[in-house]
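Student: Can we walk through the strand pairing in this one? Keep it quick.

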Amino acid sequence: MRGATSAKWVVGAVIVAMAATACGTGKDDAKSGGGNITVQLGEPQHGLVGQNTAESEGAEVLNAVFTALVSYDNKTNEPQLAAAESITTTDSKTWTIKVKDGFTFHNGEKLDAQSFVRAWNWGANQENAAEGMPFFSKIEGSDELAPGKDKKPTAKELKGLKIVDEMTFTVTLKDPFSQFKTMLGYNAFYPLPKAFEADPKAFGEKPIGNGPFQMDGAWEHNKQIKVKRYDKYPAEGRAKLEGVTFRIYDNLDTAYNDLRADAIQITDKLPVSAMASVSQEFGDRYIYKPESGVGYIGLPLAQNPEAFGKVEIRKAISMAIDRDAITKTIFNNTRKPADDFVSPIIPGYRKGALGEAGTYNPTKAKELFTQAGGVPGNKIELGYNADGGHKEWIEAVANQLKANLGVEVTAKPFTKFGEMLDDLGASKYKGAFRMGWVMDYPAMENYMRPIFSKVAIENGSNYGHYVNEDFEALLDKADKAADAAEGQKLYQQADDILVKDLPYIPVFTYMSSSAYSKTVKNVEVDAQGRMDLAKVELN
């Protein structure tokens with residue numbers, strides 16, 4: 001998903017980037033049976049394929065075009081059946097999934113068990129270099145499809161996937177994993193039709209999904225993506241609107257001004273400049289609620305060990321950041337100071353888990369920084385994507401580090417989020433960097449393995465190349481726990497290692513800050529920061 005929204009792996013999950021002409025919303029549209037609206041979007045990083053989308057902008061579109069086996073309740077984040085009729089297990093290792101009858105792809109092809117097996121086999125094969133590949137690592141046979149760098153797959157399919165009948169398949173995991181059902185709402189597990197196999201690249205420009213909306217023409221890069229209602233979608237979830245245009249912006253202020261002028265109808269990412277007045281201006285049409293995202297300062301531990309290799313330096317940087325000032329002054333209380341590596345809405349979160357490292361103490365920070373020998377040249381560069389409304393808070397962090405540590409800090413903007421991610425993925429950029437994470441699914445594990453595990457270096461979002469074998473061992477032990485409660489305790493122990501090592505520095509947690517015009521109603525934004533467009537109606 002979805003930085004906050006997760007980049008490689010969601011998001012959201014999902015890593016989060018940010019934050020065409022407007023379609024009509026007049027009375028004639030309303031009378032014609034739904035009408036059309038325009039909403040804000042950033043340019044997605046990759047082609048629109050669920051298995052290869054791990055950032056928020058692509059995930060936003062895919063959420064409208066595809067329906068997963070499960071969805072998440074907007075209030076509790078509990079998984080609930082969507083395209084699945086049932087998901088059952090007796091041992092948390094072998095799972096039986098029955099696909100709900102009545103779904104079809106937008107080309108008329110029936111959604112069946114093979115639709116998911118096809119998609120998962122493609123995503124799990126390392127030759128396809130899908131960013132969602134690590135999500136299939138728990139399934140039997142994944143090592144044969146993804147044997148690692150400089151090795152060739154020795155199989156074409158996951159041996160852990162078996163077709164039982166047209167609508168039923170089984171999934172056998174390497175080890176028990178009680179969170180598996182929860183995972184299945186993430187877009188890496190979306191289905192794919194037969195048409196995908198003919199030309200995956202072309203498919204990404206105009207995906208054929210099974211969701212409430214279908215593509216209305218191909219993706220017009222850096223301009224817009226249009227979708228229209230799929231009238232053969234099951235009646236209980238059918239979209240109310242006739243169509244939605246995702247207008248692509250590289251500046252959140254521009255999008256917000258367009259919202260105020262009713263040139264667009266919804267934005268689920270607001271610029272810093274709007275925070276002081278948006279609640280007064282939009283009233284009940286301003287959505288403000290906790291979200292799953294966490295905003296970090298990422299550190300290139302392996303790529304620049306001279307600057308960031310010492311944990312004392314990392315802790316000094318963390319303690320030199322005044323999280324309260326940033327969330328109150330820059331974000332007008334629409335962010336909350338982070339005190340853990342996971343979001344407060346996730347089961348297992350512990351208030352104050354960061355301890356001393358998350359407490360603003362410039363005197364202690366300077367002492368640690370000096371005793372550890374500082375950084376080469378007494379200079380730090382801090383990268384961020386300029387298309388996401390991050391300039392103000394990154395510059396605030398830069399000023400705090402300069403004042404509290406006596407170090408020269410330069411804020412380096414990247415034009416697009418994808419550009420920064422590409423440079424980080426190729427280890428071309430060796431400065432500290434702004435990063436965010438939105439859950440792919442609501443579990444502590446999802447804030448750990450995709451961002452800080454060894455496998456996430458090549459096939460995930462571990463841009464700092466952090467490695468800790470004790471952390472790896474705890475993740476594996478937690479995955480194999482007898483039940484969710486035992487697993488959660490072990491994930492908390494793994495979280496303690498992150499707190500000790502500080503591979504990233506948590507700065508704030510996201511609050512959902514969205515707004516919509518008077519012309520629409522029933523607007524909801526989920527914990528992954530995605531609009532539930534199928535429920536939206538014109539007033």
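Student: Which residue does glutamate 381 stand opposite in β15?
Tutor: Glutamate 381 faces threonine 410 there. This is a predicted model: local features need pLDDT of at least 70, side-chain atom pairs count only at pLDDT 80 or more, and totals for chains, interfaces and linings use all residues. Numbering starts from 1 along each chain as its sequence is written, and side-chain values use heavy atoms, without hydrogens and water.

Student: Parallel or antiparallel for β14 and β15?
Tutor: Parallel, over 7 bridges between β14 and β15 (residues 408–414). Two strands pair if DSSP finds at least two bridges between them. Strands are DSSP runs of E, at least two residues, and helices are runs of H or I, at least four, numbered from the N terminus.

Student: How does the chain get from β14 to β15?
Tutor: Through helix α14 (residues 391–405), in a right-handed β-α-β crossover. Right-handed means that, with the strands pointing away from the viewer, the path from the first strand over the helix to the second runs clockwise.

Student: And what joins β14 to β16?
Tutor: 2 bridges, with the strands running parallel. Leucine 382 is opposite alanine 432 in β16.

Student: How many residues of β14 are buried?
Tutor: 5 of its 7. Buried means under 20% relative accessible area (1.4 Å probe, protein chains only).

Student: Switching topic. What is the strand order in the open sheet of 4 strands?
Tutor: β4-β5-β7-β6, with antiparallel pairing. β4 (84–89) and β6 (161–165) are the edges; each has a single partner strand, so one side of each lacks a neighbour in the sheet.

Student: Which residue of β5 is the bridge partner of serine 86?
Tutor: Lysine 98. β4 and β5 (residues 94–99) pair over 5 bridges.

Terms used: Buried means under 20% relative accessible area, exposed over 50%, partly exposed in between (1.4 Å probe, protein chains only).
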